[in-house]
Amino acid sequence: MPLRDAEVSQQLEVFGFAHLRQAASDAVPALERGFDELIDLPADGMPNERVTRFDILTAMPELGLISRSAWVRGICRAYFGRDHQVIASDANALVGDSYWHSDGFYNTPFLRFVLYLDATAHDTGALRFLPGSHRADNGWLGDPTRHVIRHREDLGLAGGDVPAAVVESQPGDVIVFDTNVMHAAWNGDIRRQLAFNCVGEPVTEAEQLDTRRYFLNRYVSGSVLIG
């Protein structure tokens, strides 16, 4: 049974992420064709580093339809408590590990909807999360976050051994998360990923400032090769 909007919102509030199984299954063939048109992978299918294309909703109308779908609108309204806007989108050929990080601890909440076009599992680059780490009010800011980022030095753990919720997925699944939550992916080869980011319509000056900062930060990453 599909999750109701309120249930997804509650999972996001408590855990920082939710797994929507086969929410976009009908769109997978078209999304795969669109991805191939945006990102030309090497003949052996393995680029040397991550390749990203930004602002893809016009070039990939199927993903645009998902971003405007009733269920995305319902989840965003339940979580943000207001109308929302899509402020970024990207297609990625991900390679190797994605280290433990948050996308920035903002007071304004942002959601990222992620679709993988390849099956992901514990040992093949599945997204993993530290449940509740998006909540600044429960002590995650400061030392806990620093210790996770320095997991080998401070905790004596390899990144893939940090206790976490691993969200294995199949093409057609959608993973949505509050971008404050600590997340990573380990042990993977190439994964084709599509994503878009949403925010509640900014009302206050602080929300407007956070939204501008967040939008600009989406384009700044030393590990991203622009395709």
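Predicted model: local features only at pLDDT ≥ 70, side-chain atom pairs only at ≥ 80, totals over all residues.
I started with where H1 touches H4: Asp5, Val8, Ser9, Leu12 and Glu13 in H1 meet Trp71, Gly74, Ile75, Ala78 and Tyr79 in H4. Sorted by class, that contact comes out as 6 nonpolar, 2 polar and 2 charged residues.

Next I looked up the geometry of the pair. Helix H1 covers residues 5–14 and helix H4 covers residues 70–80. I got an angle of about 50° for their packing, and their axes are 8 Å apart. Angles of 65 to 115 degrees would count as roughly perpendicular and those under 35 as roughly parallel, so I put H1 and H4 down as oblique to each other. I also checked the hand: H1 passes H4 in a right-handed crossing.

Then I turned to a pocket. I asked myself which residues lie nearest the centre of the second largest pocket. They are Pro2, Leu3, Leu20, Arg21 and Ala23, out of 13 lining residues.

Note on methods:
Residues numbered from 1 in each chain as written. Heavy atoms only, no water. Axes fitted to C-alpha atoms, helices over the stretch in contact; angles between N-to-C directions. Helix = DSSP H or I, 4+ residues; strand = E, 2+ residues; numbered from the N terminus. Parallel < 35°, antiparallel > 145°, perpendicular 65-115°, else oblique. Left-handed = near helix turned anticlockwise from the far one by under 90°. Contact = heavy atoms within 4.5 Å. Nonpolar A, V, L, I, M, F, W, Y, C, P; charged D, E, K, R; others polar. 1 Å grid on protein atoms, 1.4 Å probe; cavity = no way out; pocket = protein on both sides within 12 Å on 5 of 7 lines; lining within 4 Å.
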